[in-house]
Amino acid sequence: MNIIEVKDYQAMSEKASLYVIDKVREAPFINLGLATGGTPIGLYKLLVEDYRKNHTSYKNVTTFNLDEYVGLSGNHPNSYRYFMNEKLFNHIGIKKINTFIPNGAADDILNECNMYEQLINQKGGIDLQILGIGSNGHIGFNEPGTKFDSRTHIVDLAPSTREANARFFNTPNEVPTKAITMGISTIMKSKEILLLISGESKSDALHRLLHDGVCESFPASVLKNHPKVTIIADEAALRKKLTLTSCC
Ligand code: PGA
């Protein structure tokens, strides 16, 4: 894993945006894997700014998002489809039909998971996957204990994940209890991964990622087995404050 240290959230976002823009210019038909949550918002803002100023073309880009809440349709303001449209897709000239996110409102969620996995494979797989990390080490919504060979599947969200995401909802009870997520093996099949980590609340997770072994109780640890991972982490995340016990 290659680590790039930066000062703060803004610097992380800038570095990440330059990284992504270079890739999109080099490979206009790139398949990008995208993430939601607080971490990539700054990156998306800068991609939009670059599109306005420099007209980087997304017309041949295809995207796959990591996850979606079960029970929320794409026009629900808390759905990840809505988030992606608002933060990025509506502003960069990408064709919406080339932007894929699991449908959390599908009648048959199991079928939706299988179709999503197949679709990623049919389109040639993900070239560059953007990832955040949960303070419990989750990647996508793969919570601790998820099998490393998992494909796109339904998950029960960990209480700590629902608590962390409650800030985006009117009340904590509104946070869905289930989600569809790419599996760990789906993520690991990406040709390249860019992991963004910012803030003190992620410092334990980053420390474990860098110093502990690889085990399913800390999902992000699997990234050590991937041949091409770049981490962009800010000073606050890199400041060690280990309160969790090591597991492996
Ligand atoms: P965050 O979430 O970007 O909102 O901190 C990251 C994650 O849970 O993967």
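Is H55 buried or exposed? I checked its accessible area before anything else, keeping in mind that this is a predicted model. H55 has a relative accessible area of 58%, and because the cut-off for exposed is over 50%, H55 counts as exposed.

**Entry 1: around H55.** I placed H55 in the loop that links α2 (41-54) to β3 (62-65).

**Entry 2: G37.** Next I moved to another loop, the one between β2 (31-34) and α2, where G37 sits. Is G37 buried or exposed? I found a relative accessible area of 16%; buried means under 20%, so G37 is buried. Which residues does G37 contact, once neighbours within four places in sequence are set aside? My list came out as F83 and F168. I also looked at G37 against S160: they are 123 residues apart in sequence, and their C-alpha atoms are 14 Å apart in space.

**Entry 3: the cores.** I then went looking for nonpolar cores. The largest one has 31 residues, and those with the most contacts inside it are F64, L131, I139, M182, L195, I197 and L223. Which elements each supply at least two residues of this core? I wrote down α4 (109-122), α6 (184-188), β9 (192-197), α7 (203-211) and β10 (229-234).

**Entry 4: a sheet.** In what order do the strands of the three-stranded open sheet come? I read it as β4-β8-β7, with antiparallel pairing. β4 (67-69) and β7 (153-156) are at the edges with a single partner strand each, so one side of each has no neighbour in the sheet. The twist from one strand to the next averages 30°. Zooming in on β7, I counted four bridges to β8 (residues 178-181), and I saw H153 standing opposite T181 in β8. Last, I followed α4, which lies across β7 and β8 and runs at about 125° to β7.

Definitions and conventions:
Residues are numbered from 1 along each chain as its sequence is written. This is a predicted model: local features need pLDDT of at least 70, side-chain atom pairs count only at pLDDT 80 or more; totals for chains, interfaces and linings use all residues. Side-chain values use heavy atoms; hydrogens and water are left out. Buried means under 20% relative accessible area, exposed over 50%, partly exposed in between (1.4 Å probe, protein chains only). A nonpolar core is a set of buried Ala, Val, Leu, Ile, Met, Phe, Trp, Tyr and Cys residues joined through side-chain atoms within 4.5 Å. Contact means heavy atoms within 4.5 Å. Two strands pair if DSSP finds at least two bridges between them. Axes are lines fitted to C-alpha atoms, for helices over the stretch in contact, and angles run from 0 to 180 degrees between N-to-C directions.
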